[in-house]
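Hello,

I am passing on a structure that you have not worked with before. Please look through it first; my notes on what was found follow below.

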Amino acid sequence: TREVAGPAADAGSAQTVAPRQASMPLRVAERPAAYRAAREWQAPVAAHAADAAAQRPAGEPDDGFPLGLAIAQLHGIYVLAQNRQGLVLVDMHAAHERITYEAFKRAHAGEGIKSQPLLVPVSVAVSRREADLVEQHGEVFSELGMQVDRLGEQSLVVRALPALLRHADAERLLRDVLADLVVHGSSRRILEQVNEVLSTMACHASVRANRRLGLEEMNALLRDIERTERSAQCSHGRPTWIQLDLDALDRFFLRGR
């Protein structure tokens, strides 16, 4: 009889070749280093864990921070932090506004608000009425840490700002304080309502939306919130942060059901 080779014999004699994709003639003009910033921005939180630990004060455990440690920034507006209870969501502008407002109040009640001369004085065109107000109520601006002089019938010059607002927009700040002065009508009245003016000024010093913060800056903001009185609301009454505990997060995703 004649033997017929079966499938097993054929399989044993066949030579196995691993699949391989042919190279594609695609060229990239940018060097790999050009993508470093994008990779770092999108890096997972675990990549920043060592940085967060390094920013923690020596000898102080995580639960020593009521608002926890920062893990990310969302849309340039919110700071996300993780604490023992779960997730903390902070409106960075509102929180910084409250911190600055309380600093202004302490300074005003203590030695007074210190001013800092501007390297380049800022000229501002105003109405004659506004220029008259500055001349009539110069003590108000001095008490607020501002030095404003009249240059002409419809011209003012800002020579100094409060030290806490040394990086603020001098013209916008002057116009807002003038608006408060117009509303209150007299230097005595505005000094009685000085906290309202300090609230206006604090808004100018606060971090703005779309400003990207590093982990160190975010954690510094969280620590300042913890140290500041009445920090749960900004000076206009808006919440500055909220807590979402793990149970609430679990309910969002129907966990445990």
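**Surface patch and salt bridges**

Leucine 74 lies in strand β1, which covers residues 69–74. Please keep in mind that this is a predicted model. Leucine 74 has a relative accessible area of 37%, so this residue counts as partly exposed. Together with Ile77 and Tyr78, Leu74 makes up a nonpolar surface patch whose accessible area comes to about 220 Å².

The other findings concern charged side chains. Across the whole structure there are 13 salt bridges.

One of them joins arginine 98 to glutamate 102, at 2.5 Å from N to O. These two residues sit 4 residues apart in helix α4 (residues 92–109), so about one helical turn separates them. Arginine 98 is buried, at 8% relative accessible area, and glutamate 102 is buried as well, at 3%. Both belong to a network of salt bridges that links Arg98, Glu102, Lys105, Glu229 and Arg230.

A further salt bridge pairs arginine 175 with glutamate 171, where the closest N and O atoms are 3.1 Å apart. Arginine 175 is partly exposed at 31% relative accessibility, and glutamate 171 is partly exposed with a relative accessible area of 31%.

Arginine 255 and aspartate 250 also form a salt bridge, with 3.4 Å between the closest N and O atoms. Here arginine 255 is exposed, at 59% relative accessible area, whereas aspartate 250 is partly exposed, at 28%.

Regards

Technical notes
Residues are numbered from 1 along each chain as its sequence is written. This is a predicted model: local features need pLDDT of at least 70, side-chain atom pairs count only at pLDDT 80 or more; totals for chains, interfaces and linings use all residues. Side-chain values use heavy atoms; hydrogens and water are left out. Patches are made of residues with over 30% relative accessible area and no salt bridge: like charges are joined within 9 Å, nonpolar side chains (Val, Leu, Ile, Met, Phe, Trp, Tyr) within 5 Å. Accessible areas come from the Shrake-Rupley method with a 1.4 Å probe; for residues, only the protein chains shown count as cover. A salt bridge is a side-chain nitrogen of Lys or Arg within 4 Å of a carboxyl oxygen of Asp or Glu. Buried means under 20% relative accessible area, exposed over 50%, partly exposed in between (1.4 Å probe, protein chains only).
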